[in-house]
Amino acid sequence: MIVIVGGGPSGMMAAISAASNNNEVTLIEKNEHLGRKLLLTGGGRCNLTNICEPEELIHNFSKTGNFLRNAFKTFDNKDLILFFAERGLKTKVEEDGRVFPVTDKALSVLDLLEEELKRSRIKVLVNTSVKKINVSQDAVTGVLCKNGTIIEADKVIVATGGLSYKATGSTGDGIKLAEELGHRIIPVKPALAALTLKSIFPERLEGISLNDVKLIVKADKKKVMSEKGSIIFTKNGISGPITLSASSKVIDCADEGKKVSLEIDIMPMLDQKEFEEVLIKKISGSSVKTIKNVLKEFAPTRLGDLLLELSRIPQDKKANQLTSKERKDLIMLLKGLKFDIKDTVSLEKAQVTRGGVSVKEIDPTTMESKKVKGLYFAGEMIDIDGNCGGFNLQAAFSTGYLAGL
Ligand SMILES: Cc1cc2nc3c(=O)[nH]c(=O)nc-3n(C[C@H](O)[C@H](O)[C@H](O)COP(=O)(O)OP(=O)(O)OC[C@H]3O[C@@H](n4cnc5c(N)ncnc54)[C@H](O)[C@@H]3O)c2cc1C
């Protein structure tokens, strides 16, 4: 008998692959429904993987990414897309290789997985929380549930997720269970999180989104990352896909005690000189236009007003009366608006948890614990975290599939 603890994407996939070998499988989920976090993914559309080359998958994970090599070899992004296609759910590829179901609904991914659990005759116990893994002579013997039930098993796969969005059921139980059994735990912290900024600007810019900008992360004034994409200003900081990716770098650098700052290049397609030429052309063609009006062509009004304030240029100044210094100051801001980072958003609101069961405690070819025979781990509770773009779900599915085998 194989018991799987946790009915998220990794646990469901583990159950399906374990059952494919004619094993008797029981999936235990503490919520009333399976896959609650899965339903939140991709803004409810579920960015289930990324179409990048399989080798690229690993490069989209933080330091421990290499651990996933075998899991991806066994079940990579192409296998996952095929898995869904063969069962009737087609996918489509969007910007940056992000893969979504054609239905644009995370629910259709969950429905398909639940259908497959049924088809594979997997016993699913919901509203059942596992509180202990029973072990005898360094080998699992089963699990003890909170309601007092003991379920015997010769293999147990723990797939209880990370520690963010606790209302979905990801409360770190499996990490505690693994620790109790002597596994080394890497301290947990947020990954893929929005950033709060020290400056007072964000609240004035709240709600503004900027597309095709470049976000540059600097640590002790040295550039450590730059990425193009979209950002959105929140009440006290910034969010959006490239911010989430940048947050991992920010966390790493802050941990090393470095002072981290951000720059937003609103005009990344032009260098400073080219941009100045464009601006001069716009200005010379309009003797009556104010600089406020000219700026509207490059930035949303509220942002343009802020840039004028920062460069001490009156909004009603005629554009063709700008001094060369004023023009240069404006360009500097449009090409490098600077913010100091106050913090990353709390672990609770992060999309992914960094840390968890150390990869050194797990055999990467099987996902079996090196400490307890018959005990396996899968998904986000392992110390792996990937970029935004479908990588975390792919890791959950791949590690679940391998553990199930
Ligand atoms: C808002 C949001 C959006 C996201 N969007 C994306 C995206 O588009 N693409 C992407 O790749 N990743 C995305 N992620 C990340 C992705 O959702 C996770 O990496 C993934 O869900 C991890 O899967 P998992 O199965 O390991 O854990 P989880 O999905 O957390 O599932 C763990 C399950 O275990 C259950 N459980 C916990 N403890 C116990 C216990 N003691 N007994 C029984 N059951 C237990 C929980 O109730 C839960 O159902 C997003 C995350 C968030 C929060």
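**Exercise 1.** Determine whether arginine 45 is buried, partly exposed or exposed.

*Solution.* Step 1: the classes are buried (under 20% relative accessible area), exposed (over 50%) and partly exposed (in between), with a 1.4 Å probe and protein chains only. Step 2: arginine 45 has 25% relative accessibility, so this residue counts as partly exposed. The structure is a predicted model, in which local features need pLDDT of at least 70 and side-chain atom pairs count only at pLDDT 80 or more, while totals for chains, interfaces and linings use all residues. Residues are numbered from 1 along each chain as its sequence is written, and side-chain values use heavy atoms, with hydrogens and water left out.

**Exercise 2.** Identify the residue with which arginine 45 forms a salt bridge, and state where the two partners lie.

*Solution.* Step 1: a salt bridge requires a side-chain nitrogen of Lys or Arg within 4 Å of a carboxyl oxygen of Asp or Glu. Step 2: the partner is glutamate 94, with the closest N and O atoms 3.0 Å apart. Step 3: glutamate 94 lies in the loop between strands S4 (91-93) and S5 (98-101), and arginine 45 in the loop between strands S2 (25-28) and S3 (49-50), so the pair ties together parts that are 49 residues apart in sequence. Strands (E, at least two residues) and helices (H or I, at least four) are DSSP runs, numbered from the N terminus. Step 4: glutamate 94, at 27% relative accessibility, is partly exposed. Step 5: a network of salt bridges links Arg45, Lys92, Glu94 and Asp104. By the rule above, the count is 26 salt bridges.

**Exercise 3.** Describe the salt bridge between aspartate 305 and lysine 292.

*Solution.* Step 1: the N to O distance is 3.1 Å. Step 2: aspartate 305 belongs to helix H11 (residues 301-310) and lysine 292 to helix H10 (residues 291-295), 13 residues apart. Step 3: aspartate 305 is buried at 16% relative accessibility, whereas lysine 292 is partly exposed at 23%.

**Exercise 4.** Describe how helices H1 and H13 pack.

*Solution.* Step 1: H1 (residues 9-19) and H13 (residues 391-404) pack at an angle of about 30°, with axes 7 Å apart; axes are lines fitted to C-alpha atoms over the stretch in contact, and angles run from 0 to 180 degrees between N-to-C directions. Step 2: H1 is therefore roughly parallel to H13, a term for angles under 35 degrees. Step 3: contact means heavy atoms within 4.5 Å; among the residues that meet are Met13 and Ala14 in H1 and Phe397 and Tyr401 in H13.

Definitions and conventions: Angles under 35 degrees count as roughly parallel, over 145 as roughly antiparallel, 65 to 115 as roughly perpendicular and the rest as oblique.
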